[in-house]
Amino acid sequence: MKKNISSLPLHPYILLFIAILSVSVSSIMIKSSDTPTAVAGMYRLFLSAIIMLPFVPWKTLRSSKLDSQDWGNVVLAGLLLGLHFLFWMESLVYTSVASSMVILALQPLFVMIGSYYMFRERASALTVLCLVAALFGSLIIAWGDIGVSREALIGDGLSLIGTIMVSAYLLVGQKVSQKINANLYSVVVFFTGGSVLLVYSLWNHHSLTHYNASDWTYFLLLAIIPTIFGQYVFNLLLKSIGATTVSVGIIGEPVLAIMLAYLLLGETISVSQFVGGMITLLGMLTYFWLQTKTLKYSAHNNLSH
């Protein structure tokens with residue numbers, strides 16, 4: 001863990017669980033709607049930005065230490081988030097959700113590598129082992145649904161690009177998180193990402209207005225639950241626990257999604273999903289336990305000196 005934990009309303013791991021749970025709900029919500037995913041993603045981000053506008057401390061903007069390069073990184077983060085949505089959604093046209101899920105689970109590995117080169121953050125062998133266990137669990141969860149074909153390979157490639165995009169998004173966010181308020185950062189990022197999806201929707205001639213009341217309710221719920229309670233909280237945590245720990249937590253999304261689908265949609269849980277889910281959770285919990293021990297050890301050393 002890093003700094004600025006005292007400024008959080010709850011313990012960072014409690015907030016991380018709330019965020020993962022909120023993002024997990026999105027897969028169930030998307031299943032219940034037939035609106036174009038690009039349009040839903042666009043309104044999801046735009047509405048989130050609008051809702052958060054009153055909570056941005058504009059008065060502190062003048063005293064911020066952001067230079068032109070920092071603002072460039074904030075806009076870059078928004079572009080990366082928008083592109084992640086695009087590649088991720090397009091991958092599902094060609095490949096299964098299971099295959100995309102396994103590739104998305106590689107995100108912490110990419111973030112860990114990026115954190116080493118960008119922030120000189122070193123991971124212990126035991127930490128890496130916990131991460132590998134969590135990734136292995138994700139592979140077991142999706143094993144029965146993974147297919148191999150030319151179309152599937154195209155989809156997997158698109159999913160890999162989307163995973164790289166969201167990994168870079170988290171790293172860029174961590175880079176500027178010490179200099180910018182999380183509310184302001186999220187509003188700019190959501191608006192920029194929504195603009196990417198707007199351009200894509202216009203290019204593909206998707207209707208932007210002809211939707212019924214239930215669709216607009218769906219867009220609003222996507223903005224509130226998986227985006228504000230999910231993505232925004234991830235942004236908030238980048239300053240305190242860092243991109244690697246946030247990305248490890250995101251591995252738990254498929255596990256929670258499977259549980260929610262069982263409870264809310266009556267879907268069955270296969271043996272591979274159960275076993276893989278347990279391995280993933282064990283790897284994640286051990287990782288978080290090691291991070292907590294590291295935090296306590298660092299705090300003890302600082303007090304000793």
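# Reading helices and burial

User: Which residues are buried in α10?

Analyst: In this predicted model, the buried residues of α10 are Gly 242, Ala 243, Thr 244, Thr 245, Val 246, Ser 247, Val 248, Gly 249 and Ile 250. To call a residue buried, look for a relative accessible area under 20%. Here nine of the nine residues of α10 pass, so the helix is largely enclosed by the rest of the structure.

User: How do I read the way two helices lie against each other, say α5 and α10? At what angle do their axes cross?

Analyst: Start with the angle between their N-to-C directions: over 145 degrees counts as roughly antiparallel. The axes of α5 (residues 107–119) and α10 (residues 242–250) cross at roughly 175° and come within 8 Å. That's why we call α5 and α10 roughly antiparallel to each other.

User: And which residues actually meet there?

Analyst: From α5 you get Gln 107, Pro 108, Val 111, Met 112 and Ser 115, while α10 brings Ala 243, Thr 244, Ser 247, Val 248 and Ile 250. Sort that contact by class and you find six nonpolar residues, four polar ones and no charged ones.

User: Ala 243 again! Which side chain reaches its backbone nitrogen?

Analyst: The side chain of Gln 174 does, at 2.6 Å. For a polar contact, the N or O atoms must be within 3.5 Å. Gln 174 belongs to helix α7 (residues 150–176). With a relative accessible area of 6%, Gln 174 counts as buried, because the cut-off is under 20%.

User: Now α2 and α9. Are they roughly parallel or roughly perpendicular?

Analyst: Helix α2 (residues 37–52) packs on helix α9 (residues 213–238) at about 65°, with the axes 8 Å apart. That makes α2 roughly perpendicular to α9. The crossing is right-handed.

User: What classes of residue make up that contact?

Analyst: There are 17 nonpolar, two polar and one charged. Among those meeting are Tyr 43, Arg 44 and Leu 47 in α2, along with Trp 216, Phe 219 and Tyr 232 in α9.

User: Last one: how far apart are Val 74 and Ile 180 in sequence and in space?

Analyst: Check both distances separately. They are 106 residues apart in sequence, and 9.2 Å apart in space from C-alpha to C-alpha. Val 74 sits in helix α3 (residues 68–94), and is buried with a relative accessible area of 0%. Leaving aside neighbours within four places in sequence, Val 74 is in contact with Val 176, Ile 180, Tyr 185, Val 188 and Val 189.

Note on methods:
Residues are numbered from 1 along each chain as its sequence is written. This is a predicted model: local features need pLDDT of at least 70, side-chain atom pairs count only at pLDDT 80 or more; totals for chains, interfaces and linings use all residues. Side-chain values use heavy atoms; hydrogens and water are left out. Helices (H or I, at least four residues) and strands (E, at least two) are DSSP runs, numbered from the N terminus. Buried means under 20% relative accessible area, exposed over 50%, partly exposed in between (1.4 Å probe, protein chains only). A polar contact is a pair of N or O atoms within 3.5 Å; within protein, one must be able to donate a hydrogen and the other to accept it, and residues adjacent in sequence count only if both atoms are side-chain atoms. Axes are lines fitted to C-alpha atoms, for helices over the stretch in contact, and angles run from 0 to 180 degrees between N-to-C directions. Angles under 35 degrees count as roughly parallel, over 145 as roughly antiparallel, 65 to 115 as roughly perpendicular and the rest as oblique. Contact means heavy atoms within 4.5 Å. Ala, Val, Leu, Ile, Met, Phe, Trp, Tyr, Cys and Pro count as nonpolar, Asp, Glu, Lys and Arg as charged, and the others, Gly among them, as polar. A crossing is left-handed if the near helix is turned anticlockwise from the far one by less than a right angle, and right-handed if clockwise.
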